[in-house]
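Biologist: Please take a close look at one part of this model for me, and then connect that part to what lies elsewhere in the chain. I would be glad to have the cut-offs as you go.

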Amino acid sequence: MISTFSTLVMPTVGAADFISSGSTGGIAIAMVIYFVAMILIGIYGYTRTQTMDDYMVGGRSLPPLVAALSAGAADMSGWLMMGLPGALYLSGLVESWIAIGLLIGSWCAWKWVAPRLRSYSQIAGDSITVPSFMSARLKDNRFVIQLVAGIIILFFFTIYVASGMVAGGVFFESIFGVHYHVGMVIVAGVVILYTLVGGFLAVSWTDMVQGIMMLIALLLVPVFGIVALGGLGVMGSTLSGLEGQVMGDATFSFSMLGSGAAAKVSILNGLAWGLGYVGMPHVIVRYMALRSPKEAVAARRLGIGWMFLCVLGATLTALIGRALVENGLGGIKEALARVKVNPQESIYLVMGEKLFPAVLAGFMLAAILAAIMSTVSSQLLVTSSAVVEDIYRGIKKKRLLGAKGINTGRMVVLAISVIAAFFAWFRTDSILGLVAFAWAGFGAAFGPVILLCLYWRKYTWQGAAAGMAVGAITVGIWGNIPDEVFGLFQVYEILPGFLLNLLVSWLVSRATYKPNKEIDEEFDLAIKLASATQEEINSALEGRQVTPVTVTPFAEVESSDQASS
């Protein structure tokens with residue numbers, strides 16, 4: 001199933017010739033303004049980072065708007081701006097089921113995972129990463145879960161970061177005609193700078209700004225497009241006339257249900273994407289960083305509202321763009337014809353450049369860069385925390401604390417960036433292929449574990465470790481079965497991986513469960529505080545030992561270390 005979803009997750013841009021020479025100056029000005037703003041936010045994040053808790057989860061201080069938009073921007077990436085419009089442009093509304101599945105999955109995650117994860121992660125060892133929460137919740141004193149989960153995150157996110165650098169390099173090559181490697185280094189340099197310096201706060205605030213940019217762009221492009229087209233009625237009549245038209249391997253359908261068995265499988269696969277949300281470390285860490293569980297309600301409304309409008313804008317962009325091309329309006333058809341590779345994926349790029357004045361067009365195009373960079377920065381930070389907080393602790397059985405911990409985290413960001421840049425340098429297609437099932441890998445490996453940690457008190461660390469392994473292995477095998485093998489294996493690999501993880505976790509936990517008073521007390525307290533304010537949590541935890549070291553300022557930790565030595 002890799003090739004089925006590769007263009008949706010990480011599309012290949014090939015728009016090298018459609019930008020008019022008179023527009024590049026205005027576009028460049030917009031890009032410079034955007035880059036400077038991101039770096040300034042990184043510096044602001046640096047001034048607010050005083051503890052390991054600050055660097056990894058922002059001191060649990062994210063207001064609902066920042067948490068909601070940063071989670072959305074970190075998740076959506078380039079697929080929202082290029083992959084989804086490209087698929088809808090070719091095949092019509094039957095491809096919208098992926099967006100519907102993600103909307104449903106995101107709503108469910110904000111509703112049933114975010115509040116309890118926010119309270120439980122503080123109660124169970126004041127956990128600052130997803131694997132450390134799993135380990136603390138299940139009382140895995142050997143830190144097996146942290147080590148295994150940390151390695152999974154390190155591997156998949158290094159590939160993810162590499163693919164983002166590829167997309168950034170191709171973006172600059174496409175828009176400005178500069179060499180791919182130059183564009184890749186520019187994008188990587190800016191992302192590394194604000195992530196390295198500012199940590200989680202910088203990443204979250206830049207993601208919020210980037211999320212706002214994406215929203216504005218995805219609302220303005222279809223509005224200007226419908227004006228150029230002459231109204232929604234023209235769009236409807238044009239697209240209705242395309243029913244059944246074949247373009248390449250795709251058959252256009254203005255109906256969401258499509259026709260035939262392949263359409264039914266496509267609907268099932270699209271809805272299955274929603275399962276991934278509860279297992280995405282760079283998304284659910286935002287739940288842990290909320291100021292309080294109570295604010296998850298406001299964050300859910302803001303996040304789902306943002307996501308719905310973005311997806312609606314992307315859908316309308318594709319459909320209006322197809323109608324503009326069919327009617328030969330706005331210069332879209334001629335510009336799209338000059339795109340050498342996967343022209344349908346450049347429909348947003350072409351409309352953004354052709355329908356707006358130069359500088360405004362620059363901001364429309366910068367929104368794509370925002371989508372790419374917001375995801376890369378989040379993945380870099382989660383990978384850094386996986387090494388510092390999870391893999392190191394799994395091996396050494398202790399935490400990296402104080403300035404030593406945060407400096408190591410920054411060095412890991414730099415090291416992962418260099419490794420990812422090495423892979424991205426060669427534009428290897430296999431990297432892009434791996435990205436296609438990485439969503440399924442994280443969703444199937446971590447999703448069931450998070451749900452069972454939050455909702456089943458008899459869950460054991462042995463069951464979690466076994467389920468995690470089965471989920472990841474299932475995705476790896478299922479996802480590499482050739483697309484020519486039809487039938488059951490055409491189902492998106494996240495679904496069998498998720499279900500088998502649940503089954504194995506349940507069976508192993510039933511066999512290894514032993515009553516644990518501490519687990520029961522924490523489980524009950526997490527439920528009780530799932531809608532609490534921060535003051536109520538602090539009051540409830542007063543007098544309890546909850547590993548407070550991550551919220552101790554660096555200077556105090558260093559003084560303590562020197563005294564003990």
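Modeller: Let's start with helix 11, where eight of the eight residues are buried, so this helix is largely enclosed by the rest of the structure. Buried here means under 20% relative accessible area, while exposed means over 50% and partly exposed lies in between, for a 1.4 Å probe and protein chains only. Helices are DSSP runs of H or I with at least four residues, strands are runs of E with at least two, and numbering goes from the N terminus. The whole thing is a predicted model, so local features need pLDDT of at least 70 and side-chain atom pairs pLDDT 80 or more, whereas totals for chains, interfaces and linings use all residues. Residues are numbered from 1 along each chain as its sequence is written, and side-chain values use heavy atoms, with hydrogens and water left out.

Reading along helix 11, the buried residues are Pro 281, His 282, Val 283, Ile 284, Val 285, Arg 286, Tyr 287 and Met 288. The one to follow is Arg 286, which has a relative accessible area of 1% and is therefore buried. What does Arg 286 pair with? Its partner in a salt bridge is Asp 207, with the closest N and O atoms 2.6 Å apart. A salt bridge is a side-chain nitrogen of Lys or Arg within 4 Å of a carboxyl oxygen of Asp or Glu. This pair ties distant parts of the chain together: Asp 207 sits in helix 8 (residues 180-229) and Arg 286 in helix 11 (residues 281-288), a separation of 79 residues. Asp 207 comes out at 0% relative accessibility, which means that this residue counts as buried.

That bridge belongs to a set of eight in the structure. Another bridge joins the side chains of Asp 524 and Arg 457 at 2.7 Å, N to O. It too links distant parts of the chain, from Asp 524 in helix 20 (residues 517-528) to Arg 457 in the loop between helix 17 (429-455) and helix 18 (461-478), 67 residues apart. Asp 524 is partly exposed at 40% relative accessible area, and Arg 457 is partly exposed at 28%.

There is also a network of salt bridges, linking Lys 139, Glu 518 and Glu 522. Most residues other than glycine have a negative phi. Lys 139 is placed in the loop between helix 6 (130-138) and helix 7 (144-176), and with a relative accessible area of 18% this residue is buried. Phe 143 lies in that loop between helix 6 and helix 7 as well. Phe 143 also has a positive phi, near 60°, and is not a glycine; at 14% relative accessibility Phe 143 counts as buried.

Helix 14 (residues 347-354) is another enclosed element: seven of its eight residues are buried, so the rest of the structure largely encloses this helix. Those buried residues are Ile 347, Tyr 348, Leu 349, Val 350, Met 351, Gly 352 and Glu 353. For something partly exposed, turn to Leu 507 in helix 19 (residues 494-512), with 45% relative accessibility. Leu 507 is 48 residues from Tyr 459 in sequence, with their C-alpha atoms 10.0 Å apart.

For helix packing, look at helix 9 (residues 232-240) and helix 12 (residues 296-327), which meet at an angle of about 75° with axes 9 Å apart. The axes are lines fitted to C-alpha atoms, for helices over the stretch in contact, and angles run from 0 to 180 degrees between N-to-C directions. Helix 9 contributes Val 234, Met 235, Thr 238 and Leu 239 to the contact, and helix 12 contributes Leu 319, Ile 320, Arg 322, Ala 323, Glu 326 and Asn 327. Contact means heavy atoms within 4.5 Å.

Stepping back, the protein has 22 helices and two strands, and 61% of its 565 residues count as buried. Among contacts with a separation of 6 or more, 85% come from residues 24 or more positions apart.
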